[in-house]
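Thanks for coming. I will go through one structure, a few places at a time, so please keep the sequence and the model open.

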2 protein chains.
Amino acid sequence: MKTIDVEVLKDLVNIVGEENILKDEVDLMCYSRDCTPYFCMPEVVVYPETVNEVSEIVKLANRRKIPITPRGGGASVTGSSLPRYGGILLSLVKMNKIKEIRPEDFYVIAEAGVLLKKLNEILSKYDLIFPHDVGSADACTLGGLIASNAHGHHGFKYGCIRDWVLSLEVVLPNGDIIRTGSNVLRSNCGYDLTRLFIGSQGTLGVITEATLRVMTTPKYKASIAAFFDRIEYANKAIIKIVSSGAEPSTIELVNRFVLKSANDEFKLNFPDAETMVVVDIDGDSEPSVKPRIEKIIDICIKEKSQKVYGSDEPSEIEKFWKPRLYLDLAISRRTQGKTNIGCLAVTDPCVPLSKIAYVVKALEEIYQKHGLIVGIAVHAGVGIIHPMIYIDVLNREEWKKAKKAEKEVIGFIKSVGGTITGEHNVGLIKIPYTRLELGNNLELMKKIKTLLDPNNIMNPGKLGLDVEDRDSSVDFAYPSYCLDLETNKEK
Amino acid sequence: MKTIDVEVLKDLVNIVGEENILKDEVDLMCYSRDCTPYFCMPEVVVYPETVNEVSEIVKLANRRKIPITPRGGGASVTGSSLPRYGGILLSLVKMNKIKEIRPEDFYVIAEAGVLLKKLNEILSKYDLIFPHDVGSADACTLGGLIASNAHGHHGFKYGCIRDWVLSLEVVLPNGDIIRTGSNVLRSNCGYDLTRLFIGSQGTLGVITEATLRVMTTPKYKASIAAFFDRIEYANKAIIKIVSSGAEPSTIELVNRFVLKSANDEFKLNFPDAETMVVVDIDGDSEPSVKPRIEKIIDICIKEKSQKVYGSDEPSEIEKFWKPRLYLDLAISRRTQGKTNIGCLAVTDPCVPLSKIAYVVKALEEIYQKHGLIVGIAVHAGVGIIHPMIYIDVLNREEWKKAKKAEKEVIGFIKSVGGTITGEHNVGLIKIPYTRLELGNNLELMKKIKTLLDPNNIMNPGKLGLDVEDRDSSVDFAYPSYCLDLETNKEK
């Protein structure tokens with residue numbers, strides 16, 4: 001269903017100028033994908049350069065009831081920035097100004113289209129950092145990070161984006177421009193509108209600018225790699241490390257398959273083990289961090305680690321992180337013809353810390369039972385599990401297996417008191433399971449959505465707010481994708 | 001205007017039993033005050049013991065359009081739990097069960113009426129702590145802390161309550177019981193309903209239970225006290241300390257008047273100085289903290305501190321904190337006949353760190369100009385300013401001065417880019433200034449309020465949601481209170 005006619009196009013040209021509009025099919029194709037297997041063509045891509053232009057575009061879309069989907073770097077793993085019903089794809093990448101850096105006040109004001117990488121490059125000149133090292137750090141924009149409430153590799157210490165946003169400029173679905181919060185480190189005036197928009201994935205308005213808290217770059221970093229024969233030992237060590245008060249910046253874990261693949265691929269010479277744990281720790285100086293490194297190493301040894309390495313050499317730290325950061329490369333070389341499809345909706349369940357070992361083993365079993373290859377990485381300090389499965393994407397039966405496993409895993413995660421999404425948010429790909437997760441809270445969300453966006457123009461078809469399936473009104477990058485498990489009806 | 005008739009009372013008795021209802025005037029009086037000078041009589045006090053009872057009470061109130069005001073420890077400094085329009089005072093203090101402690105998962109599930117002090121007493125048996133040491137720690141309940149998004153003395157390191165709440169049980173204004181978030185350390189499924197209720201001060205529903213993150217009790221604590229001839233030097237030192245990466249748990253500052261009063265009263269033998277800065281630091285052990293203590297001391301010396309003390313002796317740390325924690329006692333002994341009235345709406349403005357010295361001096365001048373005695377304490381790591389003024393509460397002219405100064409200070413805070421409330425929230429006492437702070441955001445808040453509570457039964461008359469004055473429909477503890485500056489109309 002087309003929503004953009006000649007008149008709308010003319011209006012858009014009037015707002016942003018011909019040079020800030022894409023309408024050729026080949027150009028539009030570039031905006032039809034993210035990191036999911038879904039495919040949704042926009043009808044037009046618009047690049048506003050100012051908040052007033054965004055406001056004018058939103059007003060136009062609202063008047064004409066045109067879907068409008070904001071997009072930053074397009075690095076979402078949830079389909080959140082795919083234009084499910086066509087309409088306007090609103091690219092924020094030309095709103096990329098860093099407006100103010102206040103080193104003495106520990107904040108920065110930046111537009112939504114600023115790349116995280118760029119922000120940190122510029123902050124580094126002031127010896128400052130915005131400490132969110134998400135997997136997509138090279139590609140993602142601040143707006144995308146905030147809209148999805150992203151969480152970096154070192155979120156154990158540094159929390160989610162939510163914890164670092166002081167103020168937001170937002171264009172509401174009616175075109176009104178608001179500024180939430182305040183440019184100070186603490187603000188507590190009534191309802192937390194800032195956090196209403198953080199994580200709303202573009203469904204309540206367009207985030208155009210943010211004031212972010214920043215901090216001094218840590219001066220000393222070290223890392224510990226520990227190998228365990230049994231994941232249960234690792235789990236116990238992890239809990240002891242969190243309990244110890246050693247305040248690491250992250251605790252990561254990979255399963256045997258990831259460790260083995262990386263060991264083989266990168267010739268790391270790590271021991272063969274059931275699990276590998278990497279603990280990072282940072283601080284102002286070596287003397288204040290060193291005692292804590294020793295404490296963490298002691299814990300690992302006491303909890304039966306077969307081998308523990310510790311280092312503050314950047315090249316060694318990089319080596320410790322190879323299995324975690326390059327698991328996709330390592331595994332895909334070993335599974336010819338198979339492609340990492342994430343795990344559909346199972347990208348980031350979060351479980352209680354005491355259940356990590358149990359859950360990782362159960363997931364391995366479930367995927368194995370379904371004949372699927374899985375690599376598992378865990379943000380073990382907070383309990384977020386990242387399984388990654390590899391299938392032949394041209395084989396319909398493999399898609400079916402993946403979907404059956406997905407359903408079983410989600411049910412299992414709920415049965416152990418976990419959440420279906422600890423990190424990536426819902427977007428498109430987790431819609432079938434949002435009701436299971438949220439129950440009647442979904443109705444409350446729908447009411448808030450309707451209150452702010454009665455015409456449902458802002459990123460429709462996401463979060464389960466209007467439709468509770470993910471496979472209608474979308475295309476799929478692979479023709480073998482199986483539409484419906486129950487009916488076996490093919491796409 | 002009475003809202004409670006015989007029939008309503010009978011219904012309430014049916015829900016909670018005769019023993020859980022207060023209706024005698026003397027009893028009701030105890031619930032008519034908090035830490036503000038306001039006075040609002042409830043018509044009945046009800047003590048539910050279960051969430052289902054809360055739900056039934058709220059349904060009844062909603063059906064009969066009766067105001068319902070939740071109350072925890074009654075320790076609010078904003079008037080947030082005063083029953084402005086009478087009706088039902090819902091005391092949560094009998095919902096005081098700690099339901100589950102999960103030391104390995106680092107969370108606790110507790111009902112809203114649990115005292116913070118009690119929670120920490122019980123957690124200490126597990127070597128755990130909920131690290132929010134608010135000024136009212138002896139009296140406050142978890143529900144009250146969460147409803148106001150409180151911030152403790154060590155919030156520089158430990159953030160606000162917001163950062164520690166994983167899940168909430170809330171009774172909505174229609175009586176529905178919802179559970180937000182998830183009992184895991186990271187949850188990111190759609191809109192952040194948890195943080196919509198945190199800080200909503202009982203206007204969107206009744207918080208009945210929460211899952212809170214907890215941590216291991218820090219094993220080593222130390223404190224540094226530094227004295228500066230000029231507050232500008234102190235300000236520079238504070239910024240350097242934050243920049244240093246030494247990661248203290250708090251940085252506090254008091255002005256000369258507070259320091260002098262405490263010095264005289266408690267015979268502390270501290271140097272006479274324009275300002276005193278106290279830096280706390282904690283961690284897992286002495287070796288990892290010690291280098292950071294030395295760094296902080298070095299910074300203070302380099303930034304021209306006339307005298308710096310450091311200690312890890314509890315008695316010394318207590319001494320360093322005396323001016324901050326007992327300023328009211330020290331000052332009131334020196335201002336016979338004058339009472340600390342906080343500063344009306346000016347209890348907790350927050351300003352950029354680089355402006356602390358400028359703001360403290362300006363506030364001293366403003367209050368002095370109006371002939372008022374003021375003591376100032378600052379959470380200097382985050383920029384929250386606590387001025388405290390002392391007046392003869394029986395003297396109408398003094399109230400007038402206080403109100404004139406309040407208005408001037410609020411205007412000044414906004415002019416330097418600050419917020420009117422960084423910590424305590426709005427409640428009743430800051431209502432006249434919420435529009436100045438929020439602009440049109442207040443309209444968005446009103447819409448959310450109406451969406452959830454169309455009959456305006458939940459804590460009406462607060463946050464500026466329905467009325468934008470604070471002096472109608474209330475009584476005042478002092479007959480000399482002057483109602484209106486402009487018209488000079490007396491209460």
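I start with Ser473(B), which is partly exposed because its relative accessible area is 43%. On the terms: buried means under 20% relative accessible area, exposed over 50%, and partly exposed in between, with a 1.4 Å probe and protein chains only. Ser473(B) sits in the loop between α16 and β21 (475-476) of chain B. Helices (H or I, at least four residues) and strands (E, at least two) are DSSP runs, numbered from the N terminus. Although Ser473(B) is not a glycine, its phi is positive, about 55°.

Some ground rules. This is a predicted model, in which local features need pLDDT of at least 70 and side-chain atom pairs count only at pLDDT 80 or more, while totals for chains, interfaces and linings use all residues. Residues are numbered from 1 along each chain as its sequence is written, chains are lettered from A and ligands numbered from 1 in the order in which they are written, and side-chain values use heavy atoms, with hydrogens and water left out.

Back to phi. Most residues other than glycine have a negative phi. Phe106(B) is not a glycine either, and its phi is positive at about 60°. Phe106(B) is in the loop between β6 (98-102) and β7 (107-111) of chain B. Is Phe106(B) buried or exposed? Its relative accessibility is 3%, so Phe106(B) counts as buried.

Next, another loop residue of chain B. Val134(B) lies between β8 (128-129) and α5 (142-148), and it is buried, with a relative accessible area of 10%. Contact here means heavy atoms within 4.5 Å. Outside four places in sequence, the contacts of Val134(B) include Leu116(B), Cys140(B), Leu145(B) and His151(B). Leu116(B) is 18 residues away along the chain, with 9.2 Å between the C-alpha atoms.

Now the helices. Two packed helices are described by the angle between their axes and the distance between the axes. Axes are lines fitted to C-alpha atoms, for helices over the stretch in contact, and angles run from 0 to 180 degrees between N-to-C directions. In chain A, α14 (residues 396-415) and α15 (residues 431-438) pack at about 15°, with axes 11 Å apart. α14(A) and α15(A) are therefore roughly parallel; angles under 35 degrees count as roughly parallel, over 145 as roughly antiparallel, 65 to 115 as roughly perpendicular and the rest as oblique. On the α14(A) side the residues are Glu406(A), Lys407(A), Ile410(A) and Lys414(A), and they meet Tyr433(A), Leu436(A) and Glu437(A) of α15(A).

In chain B, α15 (residues 431-438) and α16 (residues 441-452) cross at roughly 115°, and their axes come within 7 Å. That makes α15(B) roughly perpendicular to α16(B).

What is in the loop between α14 and α15 of chain A? Asn425(A) is there, and it counts as buried, at 0% relative accessibility. Beyond four places in sequence, Asn425(A) touches residues of chain A, including Thr78(A) and Asp348(A), and also Asn188(B), Cys189(B) and Gly190(B). Asn425(A) and Ala147(A) are 278 residues apart in sequence, yet 9.5 Å apart C-alpha to C-alpha.

Last, Phe197(B). Leaving aside neighbours within four places, its contacts include Leu444(A), Leu168(B), Ile178(B) and Leu452(B).
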